[in-house]
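Work through the exercises below with the sequence and the 3D view at hand. Each task is followed by a solution in steps.

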Amino acid sequence: MNTKSNAVVAQPPTVESSETAMPPPTQLREPVAQPSLAEARRIEARQALIEKSKRYSVRTLALLAAVLFWHVAARYDLDFYVNFAHVPEPLLVGQALLQELSGSEFYLHIAYSLERIAIAYGLAVVLGVTLGVLMGRSKWAEDIILPYIELLRPIPAVAWIPLAILMLPSEQSSIVFITFLGALFPVVLNTVQGVEQTNSVLIRAARCLGASNSAILWHVIIPGAMPSIVTGLAVGMGVAWFSLLAGEIISGQYGIGYFTWTSYTLIQYPQIIIGMLTIGLLGTLCTLLVRLACRPLLRWQPKGGRA
């Protein structure tokens with residue numbers, strides 16, 4: 001009996017045509033119109049305004065929360081390590097403020113303090129930046145000036161008052177001198193740091209291009225040190241107000257410091273709070289003016305990102 005083996009014929013693999021293997025052609029989309037440069041700037045400005053509004057809203061809410069805590073603590077005489085029994089409520093302080101604003105003496109105190117700050121701070125800026133640049137560029141200048149800076153800087157403003165009264169001809173000049181010393185040291189030290197941290201590659205490149213020493217100073221070193229200088233100016237303004245008030249409390253006859261201390265001696269508690277808040281407000285405004293005045297000098301600096 002003959003058995004026939006069924007031959008298995010291998011079928012060749014079917015190859016799909018390129019037409020079926022290729023994905024279907026995508027539909028053509030119309031190009032999206034890009035906003036113009038002016039429109040993009042308006043959008044960016046609107047977003048920046050919204051972001052700034054959010055930040056200032058948070059700051060305002062933080063201040064309102066502090067006022068609310070102050071009101072509750074003073075109303076119910078909170079006594080938990082800090083005693084609020086003699087602290088006036090915000091409403092009483094507001095009424096006393098309106099009373100002070102209705103007269104002229106309160107404005108006179110403010111004018112005297114602002115005058116002293118303007119004179120002392122202006123002298124501190126001119127001398128502090130000059131000394132800082134000299135110390136940052138010359139080792140000899142640093143070795144000569146730095147010992148005086150380090151020796152005199154830790155002395156508080158109150159300790160200078162007796163010597164200033166003995167040495168200077170008037171109370172006004174003694175208060176200006178004490179305020180000047182308070183603003184001088186932060187300006188000097190921050191200027192030195194900024195000058196020393198100037199990129200040496202930029203200085204060598206300027207020399208290779210034929211720049212003179214004065215041109216390098218004005219166009220390379222000082223602009224490179226400007227962020228640190230501005231920081232020193234802002235810190236110096238705050239220390240100037242602190243030193244001013246110390247001088248006015250002890251040796252002054254007019255000024256916000258004198259007004260605050262006199263209110264304490266006369267047991268006028270709302271006026272004490274008014275003096276403190278006025279000091280904080282004037283100091284904040286002066287520091288803001290310093291930063292705004294220095295902003296054009298920092299246009300080249302890239303803005304850092306923060307979350």
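**Exercise 1. The second largest pocket**

Find the volume of the second largest pocket, its lining residues and the helices that supply them.

Solution. The model is a predicted one. Step 1: the volume of the second largest pocket comes to about 460 Å³. Step 2: list the lining, which consists of Tyr-56, Arg-59, Leu-63, Ala-66, Val-67, Trp-70, Phe-84, Val-87, Ile-273, Met-276 and Leu-277. Step 3: sort these residues by element. At least two residues of the lining come from each of α2 and α11 (269-294), and α2 gives the most, with 6 residues. Step 4: sort the lining by kind of residue, which gives 10 nonpolar, no polar and 1 charged.

**Exercise 2. A charge over a ring**

Over which ring does the charged end of Arg-59 sit?

Solution. Step 1: locate Arg-59 and Tyr-56, both in the lining of the second largest pocket. Step 2: take the distance from the charged end of Arg-59 to the centre of the Tyr-56 ring, which is 5.0 Å. The charged end sits over the ring of Tyr-56.

**Exercise 3. Two aromatic pairs**

Classify the ring pair of Phe-69 with Phe-84 and that of Trp-261 with Tyr-264.

Solution. Step 1: a pair of aromatic rings is described by the distance of the centres and the angle of the planes. The structure holds 6 aromatic pairs. Step 2: for Phe-69 and Phe-84 the centres are 6.1 Å apart and the planes stand at 90°. Planes over 60 degrees apart count as edge-to-face, so the pair of Phe-69 and Phe-84 is edge-to-face. Phe-69 belongs to helix α2 (residues 37-75), while Phe-84 is in the loop between β2 (82-83) and α3 (90-101). The two are 15 residues apart, and the pair links distant parts of the chain. Phe-84 has a relative accessible area of 15%; the limit for buried is under 20%, so Phe-84 is buried.

Step 1: the rings of Trp-261 and Tyr-264 have centres 5.4 Å apart and planes at 35°, so this pair is tilted. Both residues lie in helix α10 (residues 256-265), 3 residues apart, about one turn of the helix. Trp-261, at 41% relative accessibility, is partly exposed.

Step 2: look for a cluster. Phe-106, Tyr-107 and Phe-259 are linked into one by ring pairs.

**Exercise 4. The whole chain**

How many helices and strands does the protein chain have?

Solution. Step 1: count the elements, which gives 11 helices and 2 strands. Step 2: read them along the sequence as α-α-β-β-α-α-α-α-α-α-α-α-α. Step 3: for burial, 32% of the 307 residues count as buried.

Conventions: Residues are numbered from 1 along each chain as its sequence is written. This is a predicted model: local features need pLDDT of at least 70, side-chain atom pairs count only at pLDDT 80 or more; totals for chains, interfaces and linings use all residues. Side-chain values use heavy atoms; hydrogens and water are left out. Rings of Phe, Tyr and Trp (its six-membered ring) pair if their centres lie within 6.5 Å; planes under 30 degrees apart count as stacked, over 60 as edge-to-face and the rest as tilted. Helices (H or I, at least four residues) and strands (E, at least two) are DSSP runs, numbered from the N terminus. Buried means under 20% relative accessible area, exposed over 50%, partly exposed in between (1.4 Å probe, protein chains only). A charge sits over a ring if NZ of Lys or CZ of Arg is within 6 Å of the ring centre and within 35 degrees of the ring normal. On a 1 Å grid over the protein atoms alone, a cavity is a set of points where a 1.4 Å probe fits but cannot get out, and a pocket is an open set with protein on both sides within 12 Å along at least five of seven lines; lining residues have an atom within 4 Å of a point. Grid points are joined across faces, edges and corners, and a volume is the space filled by probe spheres set on the points. Ala, Val, Leu, Ile, Met, Phe, Trp, Tyr, Cys and Pro count as nonpolar, Asp, Glu, Lys and Arg as charged, and the others, Gly among them, as polar.
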